[in-house]
Amino acid sequence: MQRILHTILVGVVVLIGLKSGISRECFGSSYGRQLGSKDVNLDVSFVSKNVVRGRREEGSVLAFECNAILKSMSVNEGRVDLCYGVMVDIGLGLGSVCDNAVSMEGSVVYYMVNNMVLDVGGVVLRHTESLLHLVGKGEEVCHGVWSYGFYSGVLMEDVFFRPSLYCIYKSYDEGVALEGRIKHQWSLLPWGLQDFMLGFAGEIGYDYTGKPYGLPYVSSLGRKDYWYYGAALSLIYKLAIGEASIGVSYEGNAASKNSWVNCGESYKNNVWFNALLNFSF
């Protein structure tokens, strides 16, 4: 029975992982991909609902991401990695053909001798948005938008729950966010599941946005700032050259239901499923 359960779980994780993965925003994510001995990571990811900093932005997303350590150097008994990444997001929603984005990220990750990790980077992003609301009914027109962002953060490695704190800036909506994170994994070997892990992640953040969705701010949109929070639980299977996972995530916000943050709908609380297949070389 135990062997049958093990086989079913492996099959489900790998099958879903081949189609998808956990879509992650570029800002402040490089430390999570670069920690370890591998120089190149390739992710294929899927989320059933795209939520960013407590805000629901669109439907399901399929993403392809490749990131690499270009150079690693010893500095003051620590290590510095120069990293580069490219991500392509493809929106799978039926309501619009414009949901896609391409981003390029560069970062410097400094591993200090006191288990502290400093992560500083920048992102250039091109995404498309629909002009249907401007041109009226008929064929949808997609408009490309260029934007950029910066982030800096500090992480406590080899500490329980690996706490981190990040500051993020995005030019498109003139947004600044301060976000705290925790994450941890537990081995399921005591339950007879070899190579399986249970992963947990949590976050709490504060966001101030000057131009919601790139539009000039008006008071009818509600407050510019809001708090957000979230948690995720995932089942992880360690592969010989990476890992596969499936999980469920939750994110909510403390903004008014009728504000721009929630698009005038009941989007204050969002729950969605995700999957990831990662290859490390």
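**Close-up 1. R55 and D207 meet in a salt bridge.** In this predicted model, the side chains of R55 and D207 pair with an N to O distance of 4.0 Å. R55 sits in strand β3 and D207 in strand β11 (residues 196–209), so this pair ties together parts that are 152 residues apart in sequence. Is R55 buried or exposed? R55 counts as buried because its relative accessibility is 2%, with under 20% as the cut-off for that label. D207 counts as buried too, at 0% relative accessibility. As a friendly reminder for this view, side chains of opposite charge can pair when their charged atoms come close.

**Close-up 2. D173 also forms a salt bridge with R55.** Here the closest N and O atoms are 3.9 Å apart.

**Close-up 3. R223 and D225 pair in a salt bridge.** The N to O distance between these two side chains is 2.9 Å. Elsewhere in the model, salt bridges with shared partners join R53, R55, E57, D173 and D207 into one network. The count of salt bridges comes to nine.

**Close-up 4. R53 and D195 each have a positive phi.** Most residues other than glycine have a negative phi. R53 is not a glycine, yet its phi is positive, at about 50°. R53 lies in the loop between β2 (50–52) and β3, and it counts as buried because its relative accessibility is 5%. D195, likewise not a glycine, has a positive phi of about 70°. You will find D195 in the loop between β10 and β11, where this residue is partly exposed, with a relative accessible area of 39%.

**Close-up 5. A nonpolar patch lies on the surface.** Which residues form this patch? They are V159, F160, W186, L198, L233, V248, V271 and F273, and together they have about 700 Å² of accessible area. One of them, V248, has its place in strand β13 (residues 242–253). V248 is partly exposed, as its relative accessible area is 32%.

**Close-up 6. C66 and C167 are both partly exposed.** For C66 the relative accessibility is 36%, and for C167 the relative accessible area is 34%. How many disulfides does the model contain? The count comes to zero. For orientation, a disulfide is a covalent bond between the sulfur atoms of two cysteines.

**Close-up 7. Residues 1–37 have a pLDDT below 50.** The protein chain as a whole averages a pLDDT of 81, and 80% of the residues score at least 70. Beyond near neighbours in sequence, the stretch of residues 1–37 has 106 contacts in the model.

Notes
Residues are numbered from 1 along each chain as its sequence is written. Side-chain values use heavy atoms; hydrogens and water are left out. Helices (H or I, at least four residues) and strands (E, at least two) are DSSP runs, numbered from the N terminus. Buried means under 20% relative accessible area, exposed over 50%, partly exposed in between (1.4 Å probe, protein chains only). Patches are made of residues with over 30% relative accessible area and no salt bridge: like charges are joined within 9 Å, nonpolar side chains (Val, Leu, Ile, Met, Phe, Trp, Tyr) within 5 Å. Accessible areas come from the Shrake-Rupley method with a 1.4 Å probe; for residues, only the protein chains shown count as cover. A disulfide is a pair of cysteine sulfur atoms within 2.5 Å. pLDDT is the predictor's confidence in each residue, from 0 to 100. Contact means heavy atoms within 4.5 Å.
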